[in-house]
Amino acid sequence: MAPVKRKLYQRLLFCVVFLPISGVLCFSELFFIKEPHDVTVMRKEAVILDCQAHGEAPIDVRWLKNGVKVVENERVYLLSNGSIYISEVESRRGDKSDEGFYQCLAQNKYGAILSQKARLTIASISSFAIQPTSIVVTEGSVARFSCKISAHPPPIITWELNRVTLPLATERITVLPSGVLQIQGVQQEDAGNYRCIATNIASRRRSTEATLTVTPAPSPQLPQRPRIIAGPQNISVSLHQSAILECMATGNPRPIISWSRADSKSIDVYNTKVLGNGNLIITDIKPQHGGIYMCRATTPGTRNYTVASANVTVLAPPSLVEWPESLTRPRAGTARFVCQADGVPTPQITWLKNGEKVHSNGRIKMYNSKLVINQIIPEDDAIYQCQAENEQGSVLSMARLIVVMSEDRPSAPRNIRADTVSSSAILLAWERPLYNSDKVIAYSVHYMKAEGLNNEEYQVVIGNDTTRYIIDDLEPARNYTFYVVAYMPMGASRMSDHVFQHTLEDVPLRAPELSLTSRSPTDIQVSWQPLPDKLSRGRVSAYRLSYRTSAENTVSQVELTGEKTHHLLENLQPDTIYLLRIVAATSIGWGEQSAWTSHRTPKASSARVPLAPELHLEPLNCTTILARWQLAPRNSAGVQGYRLFYHEESQPENAPVQLRASDHTHTIGGLDPRKKYHVKLLAYNFVGDGYQADQTISTPGCVSVRDRLVPPPPPPHNVYTKTNSSTAVFLHWGRPAFTSSHAVNYTVRCNPVGLQNASLVLYLQTSEQSLLVRDLEPNTKYEFAIRLHIDQLSSPWSPVVYQSTFPEAPMLPPSNVKVTLIEEDTALVSWKPPDEPNIAVTHYTILYASRNAWIAGEWQVLQREGTITMALLENLRPGQVYLVKVSASNNMGDGPFSHTVELTVQPDLSSDPRLSHGSTHSTAFSDGFYHLDEKSMTGITVGVCIALICIIICAFIIVCRGKNRKFSAVKTYRGGVSTSASAAGHLGSDGQAENADVTVPMMSQNHFIDAKGGTNLMINYLGPVQPSAERKRKWFSFSNNVKKDSKAVQNMRHGSTSYQPGTTVLTYEEELSTSADQPITLQALLGRPGDTEGSSNSESSHATGDSGRYSHDETEMTNLSSGASSRPPSLTAEDSSGSDCSCPAGELNELSEESQADLKLMESVENSPCQHEAQGSSQSALSL
């Protein structure tokens, strides 16, 4: 009460201060101190509805109920302060009930004002709309009961178990205010009979009982994916009320519930809390809480989840953002009042004059936010109110119009008369005003149609030198009303008397539109709609119907009376195309004939095809046609769907639009204004196409700027889109400031992005500022545009907005699931995405288990991203049969699992001695293909690297060795066979020696060669190199970095050999069993004649371990040694007397030393043309 008084005192103070300045800056002649408010009472109770008005006395207060004056009686009477008192509220049906909307009307000498509406509601409670039903659940799962009831005020819901109030102390049980009972983790003691109790001030009601049966849980419990059994629903909540979004899910293990917004905005944590195990409650809801909320149920520790969403719309009562201001205007002037309001849903604006609704006429025009009064007269002096109202409430604002009168204004023009000139012209004449006519500077002629409401008034201004004027833009056969106003510099006169006159008839402007159907193969039913007055231009007196076949030129005609709207043509030919047209006539004559319209009569067949539908066409605006139809009542054939054809006159027919059997309306959009279109509709079934219905319609013209002298309305603005589900998108847009009081319609255009077929564009009509577009494709991007239609004006299309639908949860499992064993304990599972169009997969889930584990319900789980279509199953047990299945999932949920695929793992062969005998390594094969595992790939990589390193080292050695070849010497012997001192024959296993030409370093002056013995004996300054007496031979190779022991190092100090830095020496030695001091004989040096090696069947090679080939196992590194206590070592040469060379000696002698020095060792050994048969022992040394 205090705020109301404070507001009143502030307003009075404002008026006292500013009223002397201007009488219209503040309007305080009449206003309300108290207004009635909504109230709910019990039947037979008393109630008082307050109403107190303040202003200049006397003030008369009246009450209205549902717009009708309240009559006082013994129960209802007015109090002295203006309030109404009802002693006993009645709830009888009809007008005798006291329920309804009440308003008080206060009036004084300045005018009247109306209070806001107050709703009187009698407390009541109806029967249950939804009763709880019995359910059977397993132990540990969830149970849910629900009940729904309508009551005023809203009831309090409680639950009983076995007729005892259900305790809510446990966290397992949740009761939602909407009447839902949730039980988490059901136990055996929860079983019983449940019922719902609804209570308010009027009464209490109990629902029927529902039984909860609890069955034992299976052991062991199988894992279950999360599943939402009760998701949130789209709701509309009033401002400052509470919104409850239910979300109940089941699964094993128990899923976790989380909430988020689809627009990624954060949820208000101050006004939002979680009720129970996942239900979201928003208290004191505000506009910013509106939007799409998503509930997500997730299995703990995994990425398995499912989602449900709902849209929350916040309803708000009207609130004024711009209100009218009081005005002072002279007579014949113009007054404009502005009023704008916000609210959800959009408030409707109504203008009141002295408490009564204002109707548009020629002078008064109403727009959505404006009231315009032209040619103000003294009767317009009144109090005007703007009332904004929606289903949430109403709000009013008022302003006064003061009309100022002038004493020296002229009187009104006199003796107005009108004469008809033609069907479109009327001559208007008048006499000058009786008083002050000499001050008149101009006249204004006003005229409008006399019939109908909300007709537009036209005005023409002419000079003061004439009192006659011809209005020549009138419609034929219409009544008009006229009046004239005289103007002078000080203002305008009163209006003259009104005069009525009608124009003459004319021929019809055009012919009716034809509708053609066939009831049988030999007839055509022709029907048409009467022409509107604007087109008929008079009363239609006759019609003439002409028809012929498309193959003949003979035309038949039928004349019908003007009252006819249909005609049946009989005795026609079946399956024949007929052309028809019609023309209308008035008393003046025949009008223009229509164009030929074609129609094919049905075939003369006994097949049961659908009859022609009853088609109705209606132009919604200048570019859109609405087609409505229904099947003929006598139709007995089944219908599988419809085909709709349409095309512009004289244009080829478009492809048909396929429609479902449940469709009975279709909007044809994107048409051209002022064009004639032919529309054909037929039903079809499995037999074939049914009878067709043909109809012609013309689109109206879009009124242009030139026609109306006003710009077209702006398009809707602030177009907002929200995805509601995988098949629906919610649209909302703002209404332009420029709108009229007439009905406003919108056309919504919707099509997928990149659509090529224009016939698939969807056009939807609505009168609201929001629309839920349904039946869209999942996971598809759409574009939306909206245009406005008002008073035959169409706005441009709004800017295009884009929105994608949510992906749909997969309905099919992955396809082509294959499992392949690639190792003893590893298998590869592969698959393809589900065979569904427009499906998005975020991840795959692979379940696999051995047969024993499958029986126990123990699955192993793998997950892969949606772009991966294979996975490895590792650590498989040998000898087991594994079961594998795969499912696809996305943000909207999980798809089904594929069929189970079996995989048999072979037993481990190494564990069976019979199977593994003689085998140290096994290679895994699968499906006839060899699969390389990670270990095999590592071994191959290491081997390749080692080979590359060896090649590099060999190349480096050969390069370094080539530098010293230029200083080597070569000695030839035995008939021109030239070899160096270090050349030796290599004894193969076949007993033949291969001669090799090699190079040796240049000898110093202390070295010499003795070749008299016919041996390859090398002698230095210490004496000949002595071979060992023992037959054990060892090859070794060394370069600069030779491995030395202490004895070799000591010997190197006392003597030298032919080894030079940068060269490689290949030697083998025979170790003598004699002591170092024993003298060495020539026989020892040359070798015993009976000791031979290298024959093809010699056994000594096997006895000594020397096979005559290079072997890593038979080669070791040694050093050349010499000392004072022993003779210098020598390289023995095998006797070459018995050798045979296939190469001519002359060719060998012709080889120069330089060319021999350029030969590589391996090439010399492998490619030498000389082959020698070994007769003696192997040579002592081979040096490079």
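This is a short walk through the predicted model shown above, from the whole chain down to single side chains.

Let's start with the overall picture. The chain has 1184 residues, and 45% of them are buried. Its secondary structure comprises 91 strands and 12 helices. If you look at contacts between residues at least 6 apart in sequence, 67% of these join residues at least 24 apart. The accessible surface amounts to about 62100 Å², with carbon and sulfur atoms contributing 51%.

Now zoom in on one piece of this strand-bearing chain: an open sheet of 3 strands, ordered E41-E42-E45 and paired in the antiparallel sense. At its edges lie strand E41 (414-420) and strand E45 (468-471), each of which pairs on one side only. From one strand to the next, the twist averages 20°. Strand E42 (residues 426-431) is joined to E45 over 4 bridges, and Ile426 stands opposite Ile471 in E45.

Salt bridges are our last stop, and the structure holds 24 of them. In one, Glu209 and Arg163 meet at 2.4 Å, N to O. These two residues are 46 apart in the chain, with Glu209 in the loop between strands E21 and E22 and Arg163 in the loop between E16 and E17. Glu209 is partly exposed, because its relative accessible area of 32% lies between the limits of 20% and 50%. Arg163, at 55%, counts as exposed.

Another salt bridge pairs Asp190 with Arg172 (2.8 Å, N to O), linking loops whose two partners are 18 residues apart. Here Asp190 is buried, at 6% relative accessible area. Finally, Lys449, Glu475 and Arg478 are linked in a network of salt bridges.

Key
Residues are numbered from 1 along each chain as its sequence is written. This is a predicted model: local features need pLDDT of at least 70, side-chain atom pairs count only at pLDDT 80 or more; totals for chains, interfaces and linings use all residues. Side-chain values use heavy atoms; hydrogens and water are left out. Buried means under 20% relative accessible area, exposed over 50%, partly exposed in between (1.4 Å probe, protein chains only). Contact means heavy atoms within 4.5 Å. Accessible areas come from the Shrake-Rupley method with a 1.4 Å probe; for residues, only the protein chains shown count as cover. Two strands pair if DSSP finds at least two bridges between them. Axes are lines fitted to C-alpha atoms, for helices over the stretch in contact, and angles run from 0 to 180 degrees between N-to-C directions. A salt bridge is a side-chain nitrogen of Lys or Arg within 4 Å of a carboxyl oxygen of Asp or Glu.
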